[in-house]
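The following report concerns a single protein model and the ligand that accompanies it. Please read it alongside the sequence and coordinates shown here.

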Amino acid sequence: MNKNKSNKLKGIVVALKANFLIVETEYKYFKDDSLDKFYEKIRLLCTRRSKLDYIGISIDVGDIVCIESIDYKNKKAVISEVEPRKSFLKRPAVANVTLVSICISADEPLFDMGQTSRFLLTVECANIKPLIILTKIDLITKNDLIFYINKFKSWGYECIPLSIHNSQGIDSLIQRFQKTKLTVLAGPSGVGKTSLINHLIPNVSLPTSSVSKKLKRGTHTTRHVELFAIGNGSLLADTPGFNRPEIVCEPSDFAYLFPEFRTQLSKSKCKFRNCLHRDEPGCAINKDLERYPFYRENLEEMINPHLPYQAG
Ligand SMILES: Nc1nc2c(ncn2[C@@H]2O[C@H](COP(=O)(O)OP(=O)(O)OP(=O)(O)O)[C@@H](O)[C@H]2O)c(=O)[nH]1
Ligand SMILES: [Mg+2]
Ligand SMILES: [Zn+2]
């Protein structure tokens, strides 16, 4: 229990709403001396001190902040400081992320290897280890499920298969989320990120929509990032889906974003130190790996953005 004498507390930004930020207080119980009342962890509508704008500090969901001038009655406060971030995911913008779960649907919308890889690469770029959640497995056969699990394994990723219709995978997912402080659900529109939040968290009923029959894509239902408590002090973020994440990296670093290439490069070295793993002699990368053509195409685009690459 924390006695709140200074009317100053720490909290985490759980959502951005227009010019306001919603901050959840850090402590489970604390006492407000002015009202002589105990509160449970509460969410406060906050503005930010203008000095934070002067020194150019941006605040995003996931930031740990110090709040002052707390008005418990009207649930309002002012953010006066922001703690340095431990990590930052750019798109969707979330600070202090400890796990990114890339949600990919087994069907509706259809699996897309390039799109899935782009999501995984953006997480690798932020130096965070991704986990794949394969959603809607009630729509595929057991053989197809084995095919996907083996595919992701060959890429070097763990995958949790899931269906909210028959609750498959739900228990192992909850355990996983409760072991980590802040998990982000990211992925294309329509894969079921919000449906999963609604299924996991009691009393939450966020809007979801079915996948467009004509375009076979999601309809961009979620518009904001929001954090939800999942138990054990852990938080889970719902984020807006988007369809084509950009990969921003140097050509020489690109291969290191692929776990299956990293494994090969750790076992044997390329002949040339500056090898880009194209047609250089003595290259250690096996060109028969499933994602090599994807690597090659995107590498050529990075090097020559104006010349479309034609595989030979
Ligand atoms: N068959 C099946 N359908 C599912 C499952 N999970 C979600 N859906 C459906 O998928 C559709 C899209 O779900 P949403 O939760 O809105 O998807 P989203 O990923 O949040 O989409 P955006 O907010 O646009 O990024 C809805 O019609 C859900 O009912 C599942 O496990 N099985
Ligand atoms: Mg959604
Ligand atoms: Zn090489």
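The centres of domain 1 and domain 2, taken over C-alpha atoms, are 29 Å apart. Domain bounds come from an automatic or database domain assignment, which here gives domain 1 (2-82), domain 2 (88-238) and domain 3 (257-303). Eight residues of domain 1 and eleven residues of domain 2 make up the contact, where two residues are in contact if their C-beta atoms, placed from the backbone, lie within 7 Å. On the side of domain 1 that touches domain 2, strand 2 provides the largest share, three residues. That side divides into five nonpolar, one polar and two charged residues; Ala, Val, Leu, Ile, Met, Phe, Trp, Tyr, Cys and Pro count as nonpolar, Asp, Glu, Lys and Arg as charged, and the others, Gly among them, as polar.

This is a predicted model, in which local features need pLDDT of at least 70 and side-chain atom pairs count only at pLDDT 80 or more, while totals for chains, interfaces and linings use all residues. Residues are numbered from 1 along each chain as its sequence is written, and chains are lettered from A and ligands numbered from 1 in the order in which they are written.

**Overall architecture**

The protein contains eight helices and 16 strands; helices (H or I, at least four residues) and strands (E, at least two) are DSSP runs numbered from the N terminus. Its C-alpha trace spans about 75 × 45 × 35 Å along the principal axes. Of the 312 residues, 30% count as buried, a class that requires 20 or more other C-beta atoms within 10 Å of the residue's own, whereas exposed means 12 or fewer and partly exposed lies in between, with C-beta atoms placed from the backbone. Among contacts with a separation of 6 or more, 65% involve residues 24 or more positions apart.

**Nonpolar cores**

A nonpolar core is a set of buried Ala, Val, Leu, Ile, Met, Phe, Trp, Tyr and Cys residues joined through C-beta atoms within 7 Å. The largest one has 48 residues, and Val23, Ile67, Ile102 and Ala237 have the most contacts inside it. Strand 11 (residues 99-105) gives the most to this core, namely five residues. At least three residues of the core come from each of domain 1 and domain 2. A second, separate core of six residues includes Phe254, Ala255, Phe258 and Phe261.

Two strands pair if DSSP finds at least two bridges between them. Strand 2 (residues 9-17) and strand 7 (residues 64-71) run antiparallel and are joined by four bridges, with Val65 as the bridge partner of Gly11. Strand 2 also pairs with strand 3 (residues 20-25) in the antiparallel sense over six bridges, and Leu16 stands opposite Leu21. The hairpin of strand 2 and strand 3 has two residues between the strands, and Ala18 takes a positive phi near 50° there.

**Backbone geometry**

Most residues other than glycine have a negative phi, and most peptide bonds are trans. The table lists departures from this pattern.

| Site | Feature | Value |
|---|---|---|
| Arg91 to Pro92 | cis peptide bond | omega near 0° |
| Glu108 to Pro109 | cis peptide bond | omega about -5° |
| Lys75 | positive phi | phi near 55° |
| Asn127 | positive phi | phi near 65° |

Pro92 is placed in the loop between strand 9 and strand 10 (94-95), and Pro109 in the loop between strand 11 and helix 2 (113-125). Lys75 belongs to the loop between strand 7 and strand 8 (76-82); Lys75 is partly exposed because 14 other C-beta atoms lie within 10 Å. Asn127 lies in the loop between helix 2 and strand 12 (130-135), and Asn127 counts as exposed because it has 9 C-beta neighbours inside 10 Å.

**Ligand surroundings**

A residue is near a molecule if its C-beta atom, placed from the backbone, lies within 6 Å of it. Around ligand 1 there are 25 such residues, of which Gly192, Thr194, Thr208, Thr222 and Gly241 come nearest. Helix 5 (residues 193-200) supplies the largest share of this shell, three residues. By class, the shell has five nonpolar, 17 polar and three charged residues.

**Two individual residues**

Phe88 is found in strand 9 (residues 88-89) and counts as partly exposed because it has 17 C-beta neighbours inside 10 Å. Leaving aside neighbours within four places in sequence, Phe88 is in contact with Ala95 and Ala126. The C-alpha atoms of Phe88 and Thr98, ten residues apart along the chain, are separated by 9.6 Å.

Glu246 is found in the loop between strand 16 (234-238) and helix 6 (251-254). Glu246 is exposed because 10 other C-beta atoms lie within 10 Å. Between the C-alpha atoms of Glu246 and Thr122, 124 residues apart along the chain, the separation is 7.5 Å.
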